[in-house]
Amino acid sequence: MKCSWCQKEIIRNLQMKEILFPWCIREKRCQLCAEQFVPIPEKSCPYCCKEGTDKKCQECERWQQQYPDYIFKHHAFFQYNEGFKEWIYQYKKLGNYQLKQTFVTELVSYFKYENDVIVTAIPLSDTRFSERGFNQVTSFLDAANIKTTPLLIKKEHISPQAEKNRQERLATKQPFEATAKAKDITNRTVIIVDDVYTTGRTLFHAAEILLPYNPREIRTLSLAR
């Protein structure tokens, strides 16, 4: 079995279950690569996973003022550190498509008991999709065999959030529209998935479009925060 990042062979003793049922093997990273990703600490905002506080952070307080009727709940697996930045640079910027396998273990574990939810990925504009050749979020969800439903489309091509400072990101105008499938979310739980949560602007824009369709709840998920 090869590491999903560095492609070196992972050498370890297999459990009996893994020997009998090799498809149960979920580990995708060697120890050296796994150490590059730092989990979200226990002391983090219970609403957005921002480290440093175990209470609602100031950012979430501001979002709550802007969206008073939206009960926001976000989950992330890892901190947005240098190791994660390098991974996402290779995956998104360099187009290393095989890296979609990197976080299968975490995604499978998270969605294991989510049996009655609608999962949707943050969409790309047609221009960005043509440049990259794949939607990075849909791809890593597909790698974990997680079914997605396209509830949003991106109306126009705008510069990537990564190229903007914090204030420019927060000032971004609403880029999304609902698809015809959005009508199916009434009284359902929706999980919106993105690769990274920075300011939260993208995920709140997405939720803003879907809230009028009266879902039971909207939660959000990202690989890193």
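Guide: Start with Tyr47, where Lys56 sits over the face of the ring, 4.6 Å from the ring centre. Keep in mind that this is a predicted model, so everything here is computed from predicted coordinates.

Now for rings that meet other rings. A pair of that kind is described by how far apart the centres are and by the angle of the planes. The structure holds 22 aromatic pairs, and one of them is Phe77 with Tyr110. Their centres are 6.1 Å apart and their planes stand at 85 degrees, which makes the pair edge-to-face. Phe77 belongs to strand β1 (residues 74-78) and Tyr110 to helix α5 (residues 104-111), so this contact ties together parts that are 33 residues apart in sequence.

On to the cysteines. How many disulfides does a search of the whole structure find? The count is 0. Look at Cys6 to see why: the closest cysteine sulfur to its own is in Cys3, at 3.7 Å, and that is too far for a bond, because the two sulfur atoms would have to lie within 2.5 Å. Cys6 has 30% relative accessibility, so it counts as partly exposed. With 9% relative accessibility, Cys49 counts as buried.

Conventions: Residues numbered from 1 in each chain as written. Predicted model: local features only at pLDDT ≥ 70, side-chain atom pairs only at ≥ 80, totals over all residues. Heavy atoms only, no water. Phe/Tyr/Trp six-rings, centres within 6.5 Å; stacked < 30°, edge-to-face > 60°. Helix = DSSP H or I, 4+ residues; strand = E, 2+ residues; numbered from the N terminus. Lys NZ or Arg CZ within 6 Å of the ring centre and 35° of its normal. Buried < 20%, exposed > 50% of the residue type's maximum accessible area, 1.4 Å probe, protein only.
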